[in-house]
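This report describes how two protein chains meet, and then turns to a single residue.

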Amino acid sequence: MTVNGETKSVSIDPRTSLLDALREYMGLTGSKKGCDHGQCGACTVLVDGRRINSCLTFAVMYQGQKVTTIEGLANGDQLHAVQQAFVKHDGFQCGYCTPGQICSAVAMLAEAKAGCASAVTADLAAANVTLTDEEIRERMSGNLCRCGAYPGIVEAIRSLAEA
Amino acid sequence: MSIIETTKLGLVGKGLDRLDGPFKVMGKARYSAEFPAKKITYAVGVGADIANGKIRSINTAGAEAAPGVIAVITHKNRPPLVDGKTFAGGGAQGELRMPLADNVINHAGQYIAVVVAESLECATYAAHLIKAVYIEEDPVVVFDDKRAQRYPAKQWFGEAVTKNRGEAQTALLASAVSVDNKYRTPTQSHNPMETHATMAVWEGDKLTVYDATQGLYNTRKALALSFSVPESNVRVVCKYIGGAFGCKGAMWPHVLLTTLAARAVNRPVKLVLTRAQMFTNVGHRAETEQRVALGATADGAIQAIIHHGTSHTAVDGEFVEVFTKATPMMYASPNLSVSQDLVKLNKQMPTFMRAPGETPGMFALESAMDELSSAVKIDPVDLRLINYAKRDPDSGHPFSSKSLIQCYKLGAEKIGWNKRSATPGSRKEGDWLLGLGMASATYPTVHFNSMCNGLLKADGTFLFTSSTHEMGTGTCTVMSQIGAGRLGVPVELVTFELGDTDLPMAPISGGSATVGSAVDGAAVEIQNALSKQLSESPLSPFSGVPQEKIVVSGGKFTVVGKSETLSYVDALKLLKLPSLEVKYQTHFNDKAKSFSMHSFGAHFVEVKVDQDLGTVRVTRVVSVMANGRIANEKTCRSQVHGGVIMGIGMALEEATLFDSRSGRVVNRSLGEYYVSVNADIPPIEVHFIAETDKEINSIGAKGIGEIGITGVAAAVANAVYNATGKRIRHLPITADKLFV
């Protein structure tokens with residue numbers, strides 16, 4: 001599979017989740033394991049630009065596909081805009097849910113741009129979604145943060161939605 | 001030692017971005033399970049299916065035969081371990097029992113085996129093949145079980161639990177107005193996002209352990225003891241902790257099991273707890289049942305406070321959730337009685353969880369204050385002002401600083417308290433009933449002694465080192481700011497390194513205490529060492545000037561009345577020193593102080609409650625905190641946010657539920673143990689009342705990690721009462737309780 005633009009070839013147990021393949025076999029420990037059950041979002045990665053829980057899926061299902069992890073967002077030392085916004089708005093404390101939050105936010109901004117509705121979108125047929133705080137909170141609720149960095153996360157994403 | 005001048009650090013320190021922020025957002029911060037090791041093996045712990053009884057037999061044949069399995073360890077073949085000590089007993093262990101010691105089972109999930117294999121997949125599969133047959137006894141998991149052993153809690157780290165002033169019961173009966181109710185809080189689980197993880201690497205009799213811990217030195221000491229090696233042979237590393245909240249304070253059995261397994265298989269072993277094991281193997285906040293009775297005059301002056309109750313402990317150890325801790329200090333009352341019982345249950349040992357004691361205790365006390373306010377018909381804020389304690393009513397000492405009145409006043413103003421109707425259920429918007437509630441917050445300031453080394457390098461940069469912990473609090477950022485503030489240099493010149501027992505001793509990061517005073521002390525040592533040499537050395541322009549006349553101002557050494565100034569680098573060069581290294585150790589003795597040291601605050605909460613569905617939504621929070629000096633406005637604000645958010649979870653959702661028949665936790669996942677999600681959290685306005693506190697420590701800081709959660713659940717419950725007229729005294733406040 002292609003991970004962060006690099007071709008990776010590993011020989012692994014078919015029972016290995018995509019998350020464990022990244023963490024244990026490719027040395028990409030940026031994606032985190034919080035629950036291993038798809039309940040916390042810490043393992044969120046992007047597959048062809050869409051966010052998925054990498055703990056809920058087997059690595060062998062992604063042969064030949066393009067996976068982007070938190071390590072693939074920055075350009076060298078130049079942080080991705082979402083990463084910069086998280087630092088500026090203190091959108092994290094311990095940092096453990098952060099890679100998942102950031103991958104989720106990157107995909108979520110694209111989803112909103114594409115007009116995808118959420119549970120709180122008033123007009124399901126509207127071509128554009130305005131990312132109100134309520135929309136941001138709803139769309140980011142699959143990513144738990146036990147430190148309680150939610151206010152900073154909302155601020156960070158709002159700053160990008162407004163930009 | 002002088003307090004850092006306000007001009008140097010600022011009473012509210014700059015909201016500097018986290019210095020480790022870029023590492024965290026790029027996924028480069030390495031947590032304990034993420035260090036590479038050659039020939040690594042994976043361990044998985046297997047838990048007991050029963051909560052009380054014995055293992056009759058355990059069949060490991062299937063697991064041993066499974067592909068990739070290297071070892072299976074049970075109580076039958078466990079290599080010897082020297083008995084350790086509990087945290088309360090001066091050691092590190094969360095529980096006294098050594099893992100796999102024998103066939104006795106005291107709680108569900110207790111380890112009965114550990115499997116080591118070539119891969120996580122192999123180990124996980126093999127773990128499921130282990131079959132134990134038990135001799136099961138009915139577990140005791142509820143307070144009112146007649147078989148439960150009940151006894152009075154005597155002390156909490158040397159402090160007596162029972163306290164009495166005057167004649168509380170007599171005064172209560174004689175009071176014009178009184179309230180007397182029972183409050184209950186459930187067992188709660190910390191659930192940091194990073195589950196506990198340990199990796200052990202033996203090289204001969206030298207041991208390196210990467211462990212998610214809030215107590216590196218304690219862990220090192222405990223491992224050295226149990227594995228019979230000198231402490232100097234043991235190195236414990238933890239560079240980043242993925243959240244802790246108390247459960248990573250003590251050392252739990254998996255740390256011993258991982259280290260034991262690594263020695264047994266002679267290869268590095270990594271063990272990462274599953275989320276389910278986070279509910280049964282790393283402690284929890286104990287369940288509480290509390291009676292709070294308040295008696296007051298018709299003018300609202302409290303005459304009697306009674307706070308009695310029960311929390312649970314394990315059948316084989318003692319942990320007191322001291323929910324009465326703040327009560328004797330909080331309000332002026334001539335008569336007071338507090339005491340606690342413990343009940344032994346078949347649950348794992350409870351442990352510290354964010355603001356242990358105050359969190360459940362302030363829920364009860366501050367709910368009772370709201371009930372008294374209704375009974376005596378005095379506004380809740382006014383009632384608290386009437387009973388404001390100017391001196392600590394418990395110790396009789398003055399407070400080192402206390403700005404609670406300002407917290408009440410600013411909070412009331414910001415939330416729009418004057419719009420609150422004293423009549424419950426009188427504000428409505430569509431289907432929603434609106435309510436406002438408030439509560440006080442408090443947490444004591446404690447100090448643990450620590451060490452820090454300071455290094456001035458030839459290039460003019462500074463390095464401070466101490467083996468403390470980064471668990472989301474912003475330690476390296478704040479310590480760099482404190483060092484730079486004392487030195488009078490830009491923070492860019494200062495680096496702080498932590499997370500390794502090769503660095504100077506630091507205590508457990510808990511009780512909102514860290515190593516700020518040690519960093520400050522080390523910075524002063526650098527200044528003193530240089531000024532001494534500048535005074536004595538013939539190479540110095542200040543040669544012969546008494547040391548005390550050489551002052552540091554704006555990062556430069558100078559002598560009063562002279563125009564010549566020297567930077568730190570100038571001084572090094574003149575003195576022909578390649579670098580300068582100092583060591584510093586704090587010498588706190590809080591008990592000897594004649595001041596009462598506490599943070600205070602107030603939470604104001606607005607809720608809406610769906611009158612048909614019973615859904616409770618918190619719609620606004622204003623929290624005003626007085627914590628001495630605020631070292632970094634940004635990270636401190638985030639700490640308060642975190643406390644408030646965990647408090648909202650406690651109020652509305654969180655409970656670790658035990659099946660009363662089997663004693664097993666029934667909601668062992670993040671899908672069934674609800675914590676607040678982003679959509680649950682409204683705007684939270686945090687304000688700080690800056691305090692100059694010259695008594696407390698050299699930097700004037702009180703600690704901020706815990707106070708944010710205290711009082712939140714009461715403020716929510718009080719707001720729910722204001723919205724609905726329903727008083728919920730048993731957390732969490734769920735729809736079923738609102739409709740009873």
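In this predicted model, chain B and chain A bury about 4,100 Å² between them, of which carbon and sulfur atoms give 56%; buried area is the accessible area (1.4 Å probe) that two parts lose on being put together, summed over both. On the chain B side, V25(B), M193(B) and N678(B) lose the most area to chain A, together 20% of what that side buries.

Residues are numbered from 1 along each chain as written, and chains are lettered from A in the order in which they are written. Local features need pLDDT of at least 70, side-chain atom pairs count only at pLDDT 80 or more, totals for interfaces use all residues, and side-chain values use heavy atoms, without hydrogens and water.

The table lists the residues in contact, meaning heavy atoms within 4.5 Å.

| Chain | Residues in the contact |
|---|---|
| chain B | 59 residues |
| chain A | 48 residues |

Between the chains there are 5 salt bridges, each a side-chain nitrogen of Lys or Arg within 4 Å of a carboxyl oxygen of Asp or Glu. E34(B) and K32(A) meet through their side chains in a salt bridge (2.9 Å, N to O).

Away from that description, K163(B) belongs to strand β10 (residues 163-165) of chain B, where strands are DSSP runs (E, at least two residues) numbered from the N terminus. K163(B) has a relative accessible area of 18% and is therefore buried, a term for values under 20% (1.4 Å probe, protein chains only). Beyond its neighbours within four places in sequence, K163(B) is in contact with P328(B), L336(B), S337(B), V338(B) and D394(B).

Note on methods: Helix = DSSP H or I, 4+ residues; strand = E, 2+ residues; numbered from the N terminus. Buried < 20%, exposed > 50% of the residue type's maximum accessible area, 1.4 Å probe, protein only.
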